[in-house]
Amino acid sequence: MRIVVCVKHVPDLQSDRRFTDEGRVDRDQGDGTLNELDENAVEAAVTLAEQHGGEVVALTMGPADAEDAVRRALQMGADDAVHVVDDALAGSDAFGTALTLAAAVRRIGEAGPVDLVVTGMAALDGLMSVVPTLLAGHLGLAQATLAAEVTLDPAAATVRVRRELDHASEVVEAPLPALVSVTDQANQPRYPNFKAIMAARKKAVTAWTLADLGLDPAEVGDAGARTRVLEATPRPPRENRVLVTDEGDAGLRLAAFLAENRLV
Amino acid sequence: MTTAAPGAAPVLVVVDHHDDAPRSSAYELLTVARTLGPVEAVWFGAAPEAAVDRLGAWGVARVHAVPAAADLLPPERGEALAAVVEAVAGPGASTVLLASTFENKETAARLALATGAGLMVDAAALEAGPDGRVVAVQQAFAATWTLRACTTTPRAVVALKPNAVAAVAPDGAPTQPEVLTHDVVPAAGPVARLVERTPRPASDRPDLGEAQVVVVGGRGTEGDFSAVEELADVLGGAVGATRVATDEGWIGHEAQIGQTGVTITPRLYIGAGVSGAVHHRGGMQASGTIVAVNSDPESPIFEIADFGVVGDLFTVLPQAAAEIRRIRGEA
Ligand SMILES: Cc1cc2nc3c(=O)[nH]c(=O)nc-3n(C[C@H](O)[C@H](O)[C@@H](O)COP(=O)(O)OP(=O)(O)OC[C@H]3O[C@@H](n4cnc5c(N)ncnc54)[C@H](O)[C@@H]3O)c2cc1C
Ligand SMILES: Cc1cc2nc3c(=O)[nH]c(=O)nc-3n(C[C@H](O)[C@H](O)[C@H](O)COP(=O)(O)OP(=O)(O)OC[C@H]3O[C@@H](n4cnc5c(N)ncnc54)[C@H](O)[C@@H]3O)c2cc1C
């Protein structure tokens, strides 16, 4: 079983995240982390490899700092790591991202067939939740997304997920090789111990450029983006904020506030 | 609201439906679509007559029914939709609108991939740009930033958040839409199979994603949602929860609001016993008015609340509910 897990390096949720004047996410503040949800993806991949045997390759695309994201995956038990890094990738949208990740998965597949690609359900910066579908589309894989639970049946060569959608709960089964995206319900990510952290330090991260992947710079980055941000503005703080401490009448004051603002 | 110039490219609206009736988000999409061009609807399944009449009253000129798509999962629906778009609009400019749900985002992504379109999801508003392109307004980073974006491609696929705009029926007499049935053959290739589907029981309360008012209970409820439910019912709203409340099993996971749950933009959000963790804020901070009831004055939710009450939710919520009934003359 060979599993590729895609992990993204994103600005820290707790920090003051911002856009640059060009309307791009500011990724130069040096406070990036592994997208929290991708810890669930790594946990799922590593657990499946432990259960069924095999190896996990962590894959990221991003600027130099993004190496931290795959390093974290190595600490959590991934066996190998690949970082696609190239100046021409700056400004990539979901399409450029998926195209690049797909080329990298194919290249990883040259060393032995990839049975499963695992991703998080969303990156907590763009929050589009479309990269998994685009990636499966490029690779021609069946997809089982938004898994709250993942089980593999190697004998039948299928992967099965349970997921909770807006109006229904579903069980979906895909033939391997397949793509799975997981939610934070799927598992409890392990916390790497000292030994795992030390072992991860010894592992090399393979860096690939666009040329290594045979990709045309015109298809990715700003050049290939299918959307353009015209304007990015920080929201002004909420005005006229009221804070009351209950002295027995706060419910009445709340009702009055709602009535004044035509909210009842 | 303005109406699009004649001769503009068609705008295709994917109409989500339930029990053969369009969901309320569909009317919102149709309202926006009218400002962008002549409106045509796509219906996954065989469109029933009543629904077709209804769509005619909402300004739809043609309904494209895709019977085979009723049983397809989102990626294959995206492929089917691509075939319809190519047949209807040709390779030229056109816009396809969907309601931004997780399933529709997957459909939209596959459609965009198959047709070379640009994709914008979770749009909070749409405008016709000066050069005829659609401009989407999006909120980022827990609604602390607002973006205006457009596609660089002639064709645009846009997923609009439910509740982002008010649905308004057009003036004038209803039209009788022409119904075209498309026999699309799903593309070959490996696909996933739906093994089991358990629809959620319908509730008397409005859908979380579409509700104008949402009352949310967090850990502070300690599992007793009665005060939250009472206030929600008085306000005709939906009940939501934090991840802690759903993890504890106090309420179903589908009620979770936040970055990994439902994103909501109601006119009114009321959080009770909710601390306002960043993951939760990501799913509710764009709400119109934010009210928080929390016993700890240091809770981060007060930083974003328009009206904050430092107090015990078990006394404040019932008192507010009773007072609202009194104001309305119901008690
Ligand atoms: C507010 C905002 C709005 C935006 N709007 C648009 C828009 O409308 N259209 C558009 O095309 N772009 C848009 N972008 C740009 C967006 O950041 C990028 O297109 C791209 O990163 C999209 O994926 P995502 O981050 O939303 O990933 P998601 O689709 O949410 O990611 C899901 C999973 O895919 C994997 N993944 C994603 N990116 C990587 C990566 N680089 N390396 C490894 N794995 C990865 C991870 O496992 C992740 O959990 C927007 C960005 C922001 C911040
Ligand atoms: C990857 C990831 C994704 C996540 N996604 C989400 C998500 O989508 N949605 C989400 O909600 N969380 C999410 N979380 C969890 C999030 O970080 C917080 O843990 C969670 O939102 C806290 O829930 P809470 O406010 O109910 O609980 P707490 O933070 O424990 O707050 C409870 C509050 O109740 C108050 N209180 C107690 N008793 C009373 C009373 N009687 N009256 C009034 N107030 C009272 C307390 O003062 C306290 O402020 C995610 C976490 C991770 C790591």
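Guide: Residue classes are needed at the outset: Ala, Val, Leu, Ile, Met, Phe, Trp, Tyr, Cys and Pro count as nonpolar, Asp, Glu, Lys and Arg as charged, and the others, Gly among them, as polar. The model is predicted, so local features need pLDDT of at least 70 and side-chain atom pairs pLDDT 80 or more, while totals for chains, interfaces and linings use all residues. Residues are numbered from 1 along each chain as its sequence is written, chains are lettered from A and ligands numbered from 1 in the order written, and side-chain values use heavy atoms, without hydrogens and water.

On a 1 Å grid over the protein atoms alone, a cavity is a set of points where a 1.4 Å probe fits but cannot get out, whereas a pocket is an open set with protein on both sides within 12 Å along at least five of seven lines; lining residues have an atom within 4 Å of a point. There are two cavities of 30 Å³ or more (points are joined across faces, edges and corners, and a volume is the space filled by probe spheres set on them).

The largest cavity holds about 70 Å³. It is lined by 11 residues, and His9(A), Val10(A), Pro11(A), Arg27(A) and Gly32(A) are the closest to its centre. By class, this lining has three nonpolar, four polar and four charged residues. Strand 2 of chain A, residues 9-11, gives the largest share of it, three residues (helices, H or I of at least four residues, and strands, E of at least two, are DSSP runs numbered from the N terminus).

The second largest cavity has about 60 Å³. Its lining draws on both chains, including Met121(A), Ser129(A), Thr145(A), Phe102(B) and Glu106(B). Two or more of these residues come from each of helix 4 (131-139) and strand 7 (142-147) of chain A and helix 4 (102-115) of chain B. Four lining residues are nonpolar, four polar and one charged.

We turn next to an open space. The second largest pocket contains about 630 Å³. Among its 32 lining residues, Asp184(A), Arg243(B), Val244(B), Ala277(B) and His279(B) are the closest to the centre. Helix 1 (36-52) of chain A and helices 6 and 7 of chain B each supply at least two residues, and helix 1 of chain A gives the most, four residues. The lining divides into seven nonpolar, 18 polar and seven charged residues.

Ligand 2 sits in this second largest pocket (more than half of its atoms lie within 2 Å of the grid points). The ligand is surrounded by 28 residues, the closest being Arg219(B), Thr242(B), Ile257(B), Ser275(B) and Asn294(B) (a residue is near if one of its heavy atoms lies within 4 Å). Because residues of chains A and B surround ligand 2, the site is shared between chains. In chain B, helix 6 (243-247), helix 7 (278-281) and helix 8 (313-327) each provide at least two residues of the shell. Six shell residues are nonpolar, 16 polar and six charged.

An N or O atom in the side chain of Ser275(B) lies 2.6 Å from an oxygen atom of the ligand, and one in the side chain of Gln256(B) is 2.8 Å from a ligand oxygen atom. For Asp312(B), a side-chain N or O atom lies 3.0 Å from a nitrogen atom of ligand 2.

Terms used: Polar contact = N/O pair within 3.5 Å; in protein donor to acceptor, adjacent residues only side chain to side chain.
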